[in-house]
Amino acid sequence: MATAGGGSVADPGSRSLLRLLSFCVLLAGLCEGNSVERKIYIPLNKTAPCVRLLNATHQIGCQSSISGDTGVIHVVEKKEDLQWVLTDGPNPPYVVLLEGTLFTRDVMEKLKGRSGRIAGLAVSLAKPSPASGFSPSVQCPNDGFGIYSDSYGSQFAHCKAFQWNKVGDGLAYEDFSFPIFLLEDENETNVIKQCYRDHNLSPNGSAPAFPLCAMQLFSHMHAVVSTVTCMRRNLIQSSFTISPEVVCDPLSDFNVWSMLKPINTSRTLEPDDRVVVAATRLDSRSFFWNVAPGAESAVASFITQLAAAEALQKAPDVATLPRNVMFVFFQGETFDYIGSSRMVYDMEKGSFPVQLENIDSFVELGQVALRNSLELWMHTDPMSQKNETVLNQVEALLSTLEQSSAAVPTVVLRRLNQSQPLPPSSLQRFLRARNVSGVVLADHSDSFHNLYYQSIYDTAESINVTYPAGQSPEEDLNFVTDTAKALAGVATVLARALYQLAGGASFRDTIQADPHTVTRLLYGFLVRANNSWFQSILRPDLRSYLGDGPLQHYIAVSSPTNATYVVQYALANLTGKVLDLTREQCQNPSQVPTENKDLYEYTWVQGPLNANETDRLPRCVRSTARLARALSPAFELEQWGSTEYSTWTESRWKDIRARIFLIASKELEFITLIVGFGILIFSLIVTYCINAKADVLFITPREPGSVSY
């Protein structure tokens, strides 16, 4: 049947064209959106947030609202400037740009008390570091998790004898309801201040005119209340959801350890095997997430121990010594002894090759970089020495240390009164499990010399690591500083003492720590991790872990951390042996009849540059340097409210960033909203009318004689 074509019929092609044009306009708007955003906002790329941490009973740290917190910027350079943000300013809430010297407990309590007027805080670095000191840690670190308690050594519990960290104000253990960020880049700080001067600074204290310079901070945390609460939520999520949303993670990493003489790690030592333990800590922290330079708190100590391990390994008769030596670098000690408590737990359960009964003596390095004159103090535990056997063993240990330092003119060891308690130390966790003859070597006789304990200012400069101007990075790497020489002296004393404690005698006075090793380690950990020596000792896949700045020593939750890897490979290269193996053999030593993976670790490293300095000479390093889990036993036992073990967790988050931009007055924003809403309604009406009359507006003229069949 044939029908004649004609009539007013809307052309489908025209409708398709209209839809296509509308889509193109929408797409162009979306593409232009990024460009518009870049014109409106200035992102702050070099910042460090304060994040939320939790333990069995509390939450500490900071967070923003889920959509970020925005406030007008006000620069506070002196205490008098606080009056504007606390009471006088007419445009709250404010984001305070606080000078680093004012980042104190007194100022923070004032801001915390007026949280309704405070949207957030941006802290600039003080240069130079505050002369009076700054430590956001507590005055009695790790209180309640060491050996002293109300039932054992009550006279020493809760630092009753004296406060170890006198300058500590406990700021890092407070809970803040607004976000706090550290501004790490001076240029970005200057950009913010210039924006403030251009838009927010008005004469005679009058209200500034709009637009105003504002800052938006994003750092919303998922976990709340305590570790008990967040871990229970994790458990519920994982039990009833296919893809659970975890809200917090336990702080964890790995301890680094090695043996002077190789042992079979597939089984435990015999009860009569004796081991001397040399210990120190790897980690530190500050108020801000992953900003933990820890120069005096941790780095100087573990560098000294690395140098001592290298020096001792070179002794000609180490293979025949009657006792073995274990070097251990504990991770997570800042947070209630995570690493040492886990190792003690594993030893008690028989899941670590060395058992508690194998420990002959224990020598720990505390803070050692800030000695007055040449003095290094020997701290011991008065409670365990009430046992006469332990008292005699400790006396012999101290005498050995004194003999070992006799021929080292740069170190003078001093004894302390036997009634003085141990400082915060890993030794305390071992003493909780067993009476061990142990000593902690430190540069302080009572309170810490470190004025920047666990703070952003515990840097290379704080322990006097400086370099002549005009040198290249390679020259700085190999420049032996005075601090390196001093720490090499301490390392020499430690190595000689360990040699003698292990039963050696013939070569004690020939053992000498290398200042060049110490200075390269100081430069790598505290100044520039991405240097030629660190590159040569790492696996090829780890080279991206080395940045142009110093390494940070916060334990975190993703492990091993960069610093842990570098310490492990530094220890392996300083104490291990280079083998003539191919890459395949090195990665699978079971193919080589003479090698044993139960005795050694095998690592394929990048190696040094060749003569032309164009390519590297990779090699296989065999050592006893290994990793051991540093996760609090509380999480294996699911005792999240434990008072015996550390229970620290870190909240998860989705977005952490900061940016500045100009904001209009509330009146203009309201007018803009109304006008925008009006345009939207008008657009909807026009679109509806066009769509309703499309058959009239879009007509294709009929061709004469056209017929459709």
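The exercises below work through backbone, ring and surface features of a predicted model.

Residues are numbered from 1 along each chain as its sequence is written. In this predicted model local features need pLDDT of at least 70 and side-chain atom pairs count only at pLDDT 80 or more, while totals for chains, interfaces and linings use all residues; side-chain values use heavy atoms, with hydrogens and water left out.

**Exercise 1. Find where the cis peptide bond from P92 to P93 lies.**

Step 1. Omega of this bond is near 0°.
Step 2. P93 belongs to the loop between α2 (82-88) and β7 (94-98). Helices (H or I, at least four residues) and strands (E, at least two) are DSSP runs, numbered from the N terminus.
Step 3. Another cis bond joins K127 and P128, with omega about 0°. P128 is placed in the loop between β8 (118-124) and β9 (180-183).

**Exercise 2. Decide whether H158 and N464 are buried, partly exposed or exposed.**

Step 1. Apply the cut-offs: buried is under 20% relative accessible area, exposed over 50%, and partly exposed in between (1.4 Å probe, protein chains only).
Step 2. H158 has 39%, so H158 is partly exposed. H158 sits in the loop between β8 and β9 and has a positive phi of about 55°, although not a glycine.
Step 3. N464 has 53%, so N464 is exposed. N464 sits in the loop between β18 (438-442) and α10 (473-478), and its phi is positive, about 65°, although N464 is not a glycine.

**Exercise 3. Classify the ring pair of F335 and Y554.**

Step 1. Rings of Phe, Tyr and Trp (its six-membered ring) pair if their centres lie within 6.5 Å; planes under 30 degrees apart are stacked, over 60 edge-to-face, and the rest tilted.
Step 2. The structure holds 29 aromatic pairs. In the pair of F335 and Y554 the centres are 6.2 Å apart and the planes at 75°, so the pair is edge-to-face.
Step 3. F335 lies in the loop between β14 (324-330) and α7 (338-349), and Y554 in the loop between α13 (532-537) and α14 (562-575), so the pair ties together parts 219 residues apart in sequence.
Step 4. F335 and Y554 are both buried.

**Exercise 4. Give the distance from each charged end to the ring centre for R622 and Y600, and for R657 and F218.**

Step 1. A charge sits over a ring if NZ of Lys or CZ of Arg is within 6 Å of the ring centre and within 35 degrees of the ring normal.
Step 2. R622 sits over the ring of Y600 at 4.2 Å from its centre.
Step 3. R657 sits over the ring of F218 at 3.9 Å from its centre.
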